[in-house]
Amino acid sequence: MKKLTILATMLLGLIAFTACSTDRDDNPVLSVPEDGFALYAPGIAANVIDLDGTEQLVFKCNQPNYGYTAPVTYVLQFSIDGENWVETTATQNDPNALAVDGNDLAVIVTNALVEQGYLEEDFPMTSDVYARVRAYLSGNEASTSVLSSVVHFQASTSFALPAMVVPETLYFTGNFNGWSWETAVKGVQQNGQPETLWHILWIDNSGFKFNIEPDWDGNEVGFDGLNSITGSKADDIIASDGNIASSNPGWYMVKVTVTLVGRSYKYDLAVDPVQVYLIGPCTKSAAWDAGLEDELFTVPRSNTEFVSPAFGNSTQGVEGDCVRAYAVTGLGDWWQSEFIVFNDGNIAYRGNEGDQDRVGGAAGQKLYLNFSTDKGRIE
């Protein structure tokens with residue numbers, strides 16, 4: 001009996017030893033370090049670092065102690081005030097070679113200084129730069145992210161941001177197209193005045209927004225983003241859930257003038273009644289006179305097609321013998337805001353370009369235009 005007791009005790013001890021060994025080696029316990037880990041400044045950080053002449057800046061850090069060895073991902077972060085951090089886009093895996101391109105860091109620093117109110121003419125500039133690293137276990141980022149200590153150095157840089165230019169188009173979306181950027185219509189440059197972009201829009205009490213990019217990227221412009229609202233229909237324009245809407249739903253000639261102010265855009269909106277005309281050889285008089293009353297398109301009372309008067313003459317679709325149409329913008333001659341419909345069914349605007357290819361039509365046919373889809377046809 002005594003021998004059995006000793007054997008049982010030895011067996012239990014072996015089981016306990018095996019269990020402890022299994023917990024330690026095969027089932028390690030995750031521990032996210034509360035004190036972070038150490039980041040070390042590059043050797044050249046003792047002096048002011050010239051980012052214009054620095055191809056790459058390399059940092060080193062300790063590997064965070066997660067309780068066991070596992071692949072760790074590192075991401076460098078930078079700030080000029082130690083509070084507002086910008087994370088680089090590249091992830092890295094070697095704690096002894098965490099690198100950032102000098103130009104990439106110059107862009108981060110320049111952006112931060114511009115946000116503080118500095119202008120391009122203030123550069124080159126020397127500023128404080130703070131660096132730290134965010135580390136996490138690969139595949140488990142949300143619950144294992146931990147920050148390193150912070151290192152500080154000074155860096156000088158020239159203005160590293162690309163030149164700002166007035167956009168060549170704007171994208172308009174709204175209730176007229178189901179608020180889809182995929183089917184957004186493009187603003188058309190006024191020929192000779194490329195800073196003003198126009199389009200004929202159906203504006204209702206839900207309204208529209210516009211953007212330089214066809215996306216909900218935070219830069220879309222609504223009512224509060226307008227610098228001014230002018231034009232003979234300005235009193236119709238109201239705010240609706242932040243959108244540019246109308247108290248009198250209908251078709252409007254919408255013109256947006258874009259002005260570059262520093263590194264920001266200023267948008268001035270003008271809204272007027274819509275007038276679209278045929279002109280030239282296809283008309284009844286075959287005249288080049290603008291604004292002929294009997295060549296004025298019918299403006300629909302809903303978000304549907306515009307319809308021209310019947311062509312008075314057949315045309316061959318060659319220079320001097322073709323179908324031509326234009327919208328009145330009030331910004332110049334008729335040809336500075338003309339357009340046509342090609343065989344692909346799309347409305348093609350002249351914009352700020354030269355003469356377009358020509359199309360023809362038979363006497364009695366009409367031109368149909370849908371400005372909410374920029375589609376049209378001759379039939």
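A residue is called buried when its relative accessible area is under 20%, exposed when it is over 50%, and partly exposed in between (1.4 Å probe, protein chains only). The structure is a predicted model, in which local features need pLDDT of at least 70 and side-chain atom pairs count only at pLDDT 80 or more, while totals for chains, interfaces and linings use all residues. Residues are numbered from 1 along each chain as its sequence is written, and side-chain values use heavy atoms, with hydrogens and water left out.

Side chains of opposite charge can pair when their charged atoms come close. With a salt bridge taken as a side-chain nitrogen of Lys or Arg within 4 Å of a carboxyl oxygen of Asp or Glu, the structure holds 12 salt bridges. One of them joins Arg-134 to Glu-87, with an N to O distance of 2.9 Å. Because Arg-134 lies in strand 7 (residues 125-137) and Glu-87 in strand 5 (residues 86-87), this pair ties together parts that are 47 residues apart in sequence. Strands are DSSP runs (E, at least two residues), numbered from the N terminus. Arg-134 is buried, at 14% relative accessible area, whereas Glu-87 is partly exposed, at 34%.

A salt bridge is also found between Arg-324 and Glu-338, whose closest N and O atoms are 2.9 Å apart. This pair links distant parts of the chain, since Arg-324 is in strand 22 (residues 324-327) and Glu-338 is in strand 23 (residues 338-341), 14 residues apart. Arg-324 has a relative accessible area of 7% and is buried; Glu-338, at 2%, is buried as well. Glu-338 forms a further salt bridge with Arg-350, at 3.1 Å between the closest N and O atoms. Arg-350 sits in the loop between strand 24 (347-349) and strand 25 (367-370), 12 residues from Glu-338, and is buried at 11% relative accessibility. Through shared partners, salt bridges join Glu-319, Arg-324, Glu-338, Arg-350, Asp-355 and Arg-358 into one network.

The largest pocket has a volume of about 280 Å³, a volume being the space filled by probe spheres set on the points. Its lining (residues with an atom within 4 Å of a point) consists of 17 residues, of which Thr-169, Lys-186, Gly-187, Val-188 and Tyr-349 lie nearest the centre. Strand 11 (185-186) and strand 12 (188-190) are the elements that give two or more residues to this lining.

Definitions and conventions: On a 1 Å grid over the protein atoms alone, a cavity is a set of points where a 1.4 Å probe fits but cannot get out, and a pocket is an open set with protein on both sides within 12 Å along at least five of seven lines; lining residues have an atom within 4 Å of a point. Helices (H or I, at least four residues) and strands (E, at least two) are DSSP runs, numbered from the N terminus.
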